[in-house]
Amino acid sequence: RRSSSAQRASTIATGRPHLMVVVNASKLVLASEDPELQRIISSADLVTADGMSVVWGARLLGARLPGRVTGIDTMEKLVARAADRAWRVFFLGAKQEALDGAISVLKARHPSLVVAGSRNGYFAGRENEIIAMVREAKPHLLFVAMGSPAQERFLSANLEAMAVPFSLGVGGSFDHVAGISRRAPVWMQRIGMEWLYRFASEPR
């Protein structure tokens, strides 16, 4: 399902923590063998299909999804809205190069964007420090690029402690925005064939 601009604004306005999870075929396979990941997906405030295989599978099972709602597209649209509304954004995860590059690109696109804080994804054993950092920054939006299911586990476990109104795991989105890795051409995205491009470029 797609959330309208009004719904997103309302979610932020409540001040309560909300978690969005995007699912693709890989994540669903993992969830089929991982009860904890199943619980995280089922209890998320918003779940969308981040892959045409999920859309097609849902239709075969009688559920007509409106289409793909990817993590990177959601992030970029919300960053644009954040710049317009002075929402504070925290970026967490990926390598420092990708993190810095993504923030630089997004700030160039949206000069009024308020970056509440950022931290790369290499903090094993220092989770409490990161949680405190995010909480003290008081962002309205938190984007976590740690890969699945690590990002979903981190967000689910610490959602209340970080107290961020809207959180989303975005996988490799920082790398894509920074230009370190490439997305499929727009025409392939539009016809639902991005999975084929990814399969060809990342067969594993």
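Me: At what angle do the axes of helix α2 and helix α3 cross?
Reply: The axes of helix α2 (residues 25-32) and helix α3 (residues 35-43) cross at roughly 125 degrees and come within 6 Å. Axes are lines fitted to C-alpha atoms, for helices over the stretch in contact, with angles from 0 to 180 degrees between N-to-C directions. Helices (H or I, at least four residues) and strands (E, at least two) are DSSP runs numbered from the N terminus. The model is predicted: local features need pLDDT of at least 70 and side-chain atom pairs 80 or more, while totals for chains, interfaces and linings use all residues. Residues are numbered from 1 along each chain, and side-chain values use heavy atoms, without hydrogens and water.

Me: Which residues meet there?
Reply: Lys27, Leu30, Ala31 and Ser32 of α2 meet Pro35, Leu37, Gln38 and Ile41 of α3, contact being heavy atoms within 4.5 Å.

Me: Now the sheet: in what order do the strands lie?
Reply: The open sheet has 6 strands in the order β2-β1-β6-β5-β3-β4, with parallel pairing. Two strands pair if DSSP finds at least two bridges between them.

Me: Which strands stand at the edges?
Reply: Those are β2 (46-49) and β4 (114-119). Each has a single partner strand, so one side of each lacks a neighbour in the sheet. On average, neighbouring strands are turned by 20 degrees against each other, direction ignored.

Me: How many bridges join β5 to β6?
Reply: Strand β5 (residues 141-145) and strand β6 (residues 166-169) are joined by 4 bridges and run parallel. Leu142 has Ser167 in β6 as its bridge partner.

Me: Which strands does helix α7 touch?
Reply: Helix α7 (residues 127-137) packs on the sheet and touches β3 (88-93), β4 and β5.
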